[in-house]
Amino acid sequence: MAEIAYVSDVRVERLGGPLRAAYLPGEEEPTVYGMHGAIAEHYGMQPGTAPSHASTIDHLVGAALG
């Protein structure tokens with residue numbers, strides 16, 4: 001069996017409501033995740049309840065395409 005090549009050291013902090021801050025290796029500032037548009041509507045978020053941010057699915061799709 002091969003040796004483990006890499007273990008990611010990620011910490012996620014809940015900021016309140018749907019907002020999360022992810023502390024990722026190689027980045028000085030956290031990445032903020034939240035909800036917007038149709039995603040917020042799907043989960044029943046009232047407009048103006050929380051700031052609009054890209055969701056984790058947006059970042060996953062971007063990573064897969066990048």
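**Working through the model**

Q: To start with, is serine 55 buried or exposed?
A: Serine 55 is buried, with a relative accessible area of 5%. Buried means under 20% relative accessible area, exposed means over 50%, and partly exposed lies in between, with a 1.4 Å probe and protein chains only.

Q: What kind of model is this, and how are residues numbered?
A: This is a predicted model, in which local features need pLDDT of at least 70, side-chain atom pairs count only at pLDDT 80 or more, and totals for chains, interfaces and linings use all residues. Residues are numbered from 1 along each chain as its sequence is written, and side-chain values use heavy atoms, with hydrogens and water left out.

Q: Where does serine 55 lie?
A: Serine 55 is in the loop between helix 1 (37-42) and helix 2 (56-65). Helices (H or I, at least four residues) and strands (E, at least two) are DSSP runs, numbered from the N terminus.

Q: And which residues does serine 55 touch?
A: Not counting residues up to four places away in sequence, serine 55 touches Tyr33, Gly34, His36 and Ile39. Contact here means heavy atoms within 4.5 Å.

Q: Gly34 is on that list; where is glycine 34 found, and is it buried or exposed?
A: Glycine 34 lies in the loop between strand 3 and helix 1. Its relative accessible area is 9%, so glycine 34 is buried.

Q: What does glycine 34 touch?
A: Leaving aside residues up to four places away in sequence, glycine 34 touches Pro18, Leu19, His53, Ala54 and Ser55. The C-alpha atoms of glycine 34 and serine 8, 26 residues apart along the chain, are separated by 22 Å.

Q: Changing topic: what is the order of the strands in the sheet?
A: The sheet is open, has three strands in the order 1-2-3, and shows antiparallel pairing. Its edge strands are strand 1 (11-16) and strand 3 (31-33), each of which pairs on one side only. On average, neighbouring strands of this sheet are turned by 25° against each other, direction ignored. Axes are lines fitted to C-alpha atoms, for helices over the stretch in contact, and angles run from 0 to 180 degrees between N-to-C directions.

Q: How many bridges link strand 1 and strand 2?
A: Strand 1 and strand 2 pair in the antiparallel sense over five bridges. Two strands pair if DSSP finds at least two bridges between them. Arginine 11 stands opposite tyrosine 23 in strand 2, and arginine 14 has arginine 20 in strand 2 as its bridge partner.

Q: What joins these two strands?
A: Strand 1 and strand 2 form a hairpin with two residues between them. In the turn, glycine 17 has a positive phi of about 55°.

Q: How many bridges are there between strand 2 and strand 3?
A: Strand 2 (residues 19-23) and strand 3 pair in the antiparallel sense over three bridges. Alanine 22 stands opposite threonine 31 in strand 3, while the bridge partner of alanine 21 in strand 3 is valine 32.

Q: How many salt bridges does a search of the whole structure find?
A: The search finds one salt bridge, a salt bridge being a side-chain nitrogen of Lys or Arg within 4 Å of a carboxyl oxygen of Asp or Glu. The side chains of arginine 11 and glutamate 13 form it, at 3.2 Å, N to O.

Q: How accessible are arginine 11 and glutamate 13?
A: Arginine 11 is partly exposed, with a relative accessible area of 46%. Glutamate 13 also counts as partly exposed, at 31% relative accessibility.

Q: Finally, where is glycine 48, and is it buried or exposed?
A: Glycine 48 is found in the loop between helix 1 and helix 2. At 76% relative accessibility, glycine 48 counts as exposed.
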